[in-house]
Amino acid sequence: MKTYRFLLFSTVLLVLLPLSGRALGPGLPALLSQAKEAQTLQNYQTALQAYLNARRQFPNAVEPALELGKLYQSQKLYQLALPQFQDAVKLSPLRPELRLNLAQILSYLDRNQEAVQVLTKAAQKFPQNTEVLQNLGWLYYKTQQCSRGAQLLEAFLAKGIPNRNLEMTLGTLYSGLDDYQQSRQHYLQAIALATQNTLADRHFRSICWYNLSLLEKSFHHYALSSQAIHQSLAAEDRSASWLALGELQQAQLEIAKAAESYQRAAKSDETPLSTYDLAALEGLSGHLELAFASARQIENFKDDSWIYNFGVTKAQFLRDMAKLYRDLWRDKARAVDLTPRLTWSAWGLWLIHKITWSWWAWYWNQQYQQWELKIASQAAAGGNAPEAWSALVKANTEQPIVALKYLHQLKLYEAEKNPASQALYLAQEGRLKKDPSLLVKAIQLFPTDEGTEKITAEADLISLLKAQGASQSLWYPLVNRVFQKLPGLLTNRGIALPVVDIVYGGSASEQQLWRHAITDFSESAQWDARPYDRPGVAYTLGLDIRPGEEHWNLYDGKGKSVLQGVIQRGQKKETALEDIYQNILRRPWEQ
Amino acid sequence: MRNWLRVVAPLYLTFHAALGLSNIADPVSLTLGVLVAHFVGQKLARQKAWVTLSILLGIYGAFWGIFKITLLFWPQSLGSWDYWPTLVQRQLLLLGLPFVLFGFLAYAGRTKPQFLPAERLLHAVFLGLLFWGQGGYKILFYPHPLWEALSLCLFLLAEAGVLWKKTRVQPASVWLPATLVVFALGLGLLWSVLNRYEEASTVSGGGLLKPQALQFDFSPLIRLESRISLDDKLILLYREDGPPVTRYLRRFVLSGYSPQKGFYLSPQYPGEAPQQVGQTPETFSLRPEDDKARVEVQQEYFLVNLDPSSFLCLNDPTLLQPLKRWNQSTFVNAYRVVSKVPTDVLWQIDSVQHSGLPSSEKAHYTNYGQQSWLKTLALSMIGDSQTPLEKAAAIEESLKTQYWYSLNPGPSEGDPLKQFLLTTKKGYCTYFAFAMALLLRSVGVPSRVAVGFYTNPDEGLLGFYPVRAMQAHAWVEVPFQGFGWIPFDPTTDRLAPGETFRNPPQISPQQMESLISEVLKANPHAVAAPAKPPKPWQNFWVNVQNQAQHWWPLGLLLLVILVNLGLRGFWRLRWHFASPREKTEALFRRYCQELRWSGRLPLKSLLPDQVHVTPLGSFLASEVSKARYAPQYTTEQSQQAWFRFHESSPVRRQDLGAKILLTLLIPPWFHGKFPRRFS
């Protein structure tokens, strides 16, 4: 009997032991380490299985949810990461970093308002946690609630605990409130708190100087902005700082330098911002095909998480993209007017291009206005009235009656805060009212550091005067001026290049034939080259038609040949002129 | 009725155009605007054309006037109303053309019925413009292309309905040949359109993929095209653990060759049968002697835009496990494949002299059409190479370094391959694969062409990799004794001078995420092997079920047609066995039904007197009276009624479209409601 009991006991034990072992399974640390090992080897299926097993077996443990969330986040799968971080917060409500993770993911998903709610609760629960406060302040800035953010951080800093991160965020919040003095003071305070020569301190200083540079530029202090950006670059070689430098140079109409800075920024840029700026610059200088190619590169950036760390929202970025495409298509549709139309097929092609490109310009303008309206409503909801007014001005350029109302509000608001902005407002008012006198006043007021704004206003003035049928003597000097500084801007407006031509060599009758050909060609291509001299014209085209030595030269104002070519023997005059014209339009001497 | 049908097309076109401009257009307000224009146009049918046009322009101008006047009195205070002007102006601008155009078309069609065909033609042009180049159209509007096709069918039906009109009776000797001619013309047109579509799609699929009923699959026969373009449509996702590497996902191996056809599938040779994914697991045996230097790799495939039965795998598969389907799946099929993949083999096969193929197969794999110029070229390329590997490497190297990649190799006057190898020296992957396979064959080294996809390891997320149509690729496989078929990719990465290659944008993480999360949520398991091998009809039935998930609306339509045809058969059967009296009564019922459906009489009410609207009605009414009440009613009398009915039934007086529609969709009732008294 005893043997029987022993046998029975042993059998039961033998059956239960493995079962109990299986029930217990590997512990949580073992499962997590197994998952992490698989993750390191990029065996994601195994890693996922291990994390999911861990979540099933230890439903109250926070680590599996957190680690799984991080795995998804590392793979840019933010929608999948979100529920994991939400679970992690539920499982461990006393860990502020979990709430920070959750807020970050929400922001990656362009759900900034929800992120603000998460961090507001976190700030109530952990009022001394500076990381939570800084992130909340930053999100207040992104959701246009700058005054609320400034109050929050001021209240904390009033306790006398110095914190450089909070100082920097406060500076940003004050810049959003257009409070120059406060913003500058807090940026400088933040810089003063990062004095070490460590990597972290230098990185921090670089960001602060960069922010300060943006502030100075927005208040038209170009020299100070330039100083700040050079300080930023001295602290650390960051792509964002190169970008800011490029923008500064572009504003000052230093196109080549700006392009160089953007290219430098693009080398280490993990965002599409440098490519965007490059595309806009190429567009501005009339290299539209290059600009389109750059714009297509921007489309390759599919991960929007970079937006979290920059002072833009997704709506603002999409608005900027719509603006870029609008400008490029509009310029293309205008520049096509300069295409020679010597045959019926050329006329047909011109018409097709004109209609389709104008349609795309119109389409992107509508998209742009739509985004501006959205941004306006977001800003109004966040209590940032000036931002909303600014967006409504841009959205209503076709409704001057509405746009002028908001422009007036903005002008009143900025008059005392930022007096240097008056030229910009005048120019904008001139465009909306189609009043050349306002544009003339604006052009006179623009400081030299705002070369791009000035030259754009000049190009707009030319278009306006031409459209109003003003005498050529009024606008032709402006054409020469724009051509010398940024000739691409003229082609972008469909304004012909001011080049006079001289025909020499050959017989008188041959010269006469060439002049007739030039006149005919000029009419068809809206080219302004005329067989007579004109005072103040910057470039001269010389056609040497001596038999056997037919060639052409383009001379600049100083008489230096900047471009030359050969006229093929037996080539038709129209074809030769078209070749020359296309060469000049490409402006190879500029590149 | 016709006037109601006429409104369908303008509304359909406007609504879809507005959907296409979803960010800026409001489909509802634009469609309503067009509806107003249509009815205004119809109401002005008695006016002159210029009056109508002026009124339409006037109404549209009035909209603008109201808008502009409102702006003049626009409040000076700031408020949410300031958001409206931009939105309203945009809708007004967008409404302009459709308002005037569709309003005027409505007028023209009502005033002059002969204009109706021209109006249909215009609609067809608009429809073409609407669908022109709408790559993501179905994704925007419909969950599946079939819905798009169905909505289009409804549109076309409405358009056809407008054109149906009563014409005078035509004898069968006239309408039958005419119908046949129309059918033949229609079929010819359809055939040419399909061919054109297929060719265009093959070109846009990189020359390798060809469409099969709205999805792609590889062609089992590849030719050299003069031009191809690249489509970045997502074809499938595959999942593989481990560090990301470039993979060659094989669909077919093509070993048959003739100079006229190019390379084609030869299913009689081992490993080359057209492989389909069934519903049960399947194992493939790799010859044990070919098993050297291979590692096992497991992959899961999730097909999106590919024929669901397509089997893709690595070289060479050993196990195929279909994965269980889940509800509302985006994927048309999913399966797991375990393959044994050659790894680090080149140094091991360096000295291998033999292919390991049986002598019976060697002739097949070395057939190069006996083109002597190929052999001459191959000999110049291989120089003093001795082993098959050295020869393959030399040819691969020559192709990679002396030729250029081009999507536009240009039209050839004779043999495109000869032109590629000797003259232009530029082509796309198929040219390179053709060339290498044939050059190798010409010097006695067996080879075959493989087609499938190459993959981009940089695009992986969580072990999932997207594969797009533009990644379709062709390469070469060469057998080595003990190691099996080893892949070689001779396609160069040197772009032909003057040509640019556009790298398409990567698939967005958002799009990938929705697909990945669907797979993770479903967590599909492999289908277990059945105890007994499935019968062919079982597989067929499961395939039908799978296809039905997407094609059920079409299936429903087919069912209705089948049931109707069955009923018609039944009617004929009943007719055959019926007495002369019953036959005449049944004929009369059918006449009444056709009279109702042909629109000659209201659908619901058929009063006794109304049957006399046609001479046939009067005749049949009197015949039915005789059949019911005469003491004798003969077969001859019944037959006479039948002939008369067939000569002049209301259906015979309809257009061909109406006749087909009635025959296919409206069941004939042998018994049913019909008037008992006739006069």
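This is a predicted model: local features need pLDDT of at least 70, side-chain atom pairs count only at pLDDT 80 or more; totals for chains, interfaces and linings use all residues.
Who does A:Gly488 touch, once you skip residues up to four places away in sequence? That would be A:Ser285, A:Gly286 and A:His287. There's also A:Ala335, which is 153 residues from A:Gly488 along the chain, with 9.6 Å between the two C-alpha atoms.

Right, on to the helices. Packed helix pairs get described by two things, the angle between the axes and the distance between them. For H21(A) and helix H22 of chain A, residues 422-433, the angle is about 165° and the axes are 10 Å apart. Roughly antiparallel means over 145 degrees, so that's what we call H21(A) against H22(A). The crossing of H21(A) past H22(A) is left-handed. If you want to click on residues, the H21(A) side brings A:Pro400, A:Ala403, A:Leu404, A:Leu407 and A:Lys411, and they meet A:Tyr425, A:Gln428, A:Glu429, A:Leu432 and A:Lys433 from H22(A). Sorted by class, that contact has 6 nonpolar residues, 3 charged and 1 polar.

H21(A) turns up again where the chains meet. That contact draws 30 residues from chain A and 26 residues from chain B. On the chain A side, the helices that supply at least two residues each are H3 (44-57), H5 (78-91), H19 (344-382), H20 (385-395) and H21 (400-417). Which one gives the largest share? H19(A), with 6 residues. And the make-up of that side of chain A is 14 polar, 10 nonpolar and 6 charged.

Last stop, the sheet. It's an open one in chain A, 4 strands in the order S1-S2-S3-S4, with mixed pairing. Strands S1 (499-504) and S4 (561-566) are at the edges with a single partner strand each, so each has one side without a neighbour in the sheet. Ignoring direction, neighbouring strands are turned by 15° against each other on average. Within the sheet, S2 (residues 539-544) and S3 (residues 551-555) of chain A pair antiparallel over 5 bridges. For one you can find by eye, take A:Gly542, whose bridge partner in S3(A) is A:Asn553.

That's my tour, thanks.

Methods: Residues are numbered from 1 along each chain as its sequence is written. Chains are lettered from A and ligands numbered from 1 in the order in which they are written. Two residues are in contact if their C-beta atoms, placed from the backbone, lie within 7 Å. Ala, Val, Leu, Ile, Met, Phe, Trp, Tyr, Cys and Pro count as nonpolar, Asp, Glu, Lys and Arg as charged, and the others, Gly among them, as polar. Axes are lines fitted to C-alpha atoms, for helices over the stretch in contact, and angles run from 0 to 180 degrees between N-to-C directions. Angles under 35 degrees count as roughly parallel, over 145 as roughly antiparallel, 65 to 115 as roughly perpendicular and the rest as oblique. A crossing is left-handed if the near helix is turned anticlockwise from the far one by less than a right angle, and right-handed if clockwise. Two strands pair if DSSP finds at least two bridges between them.
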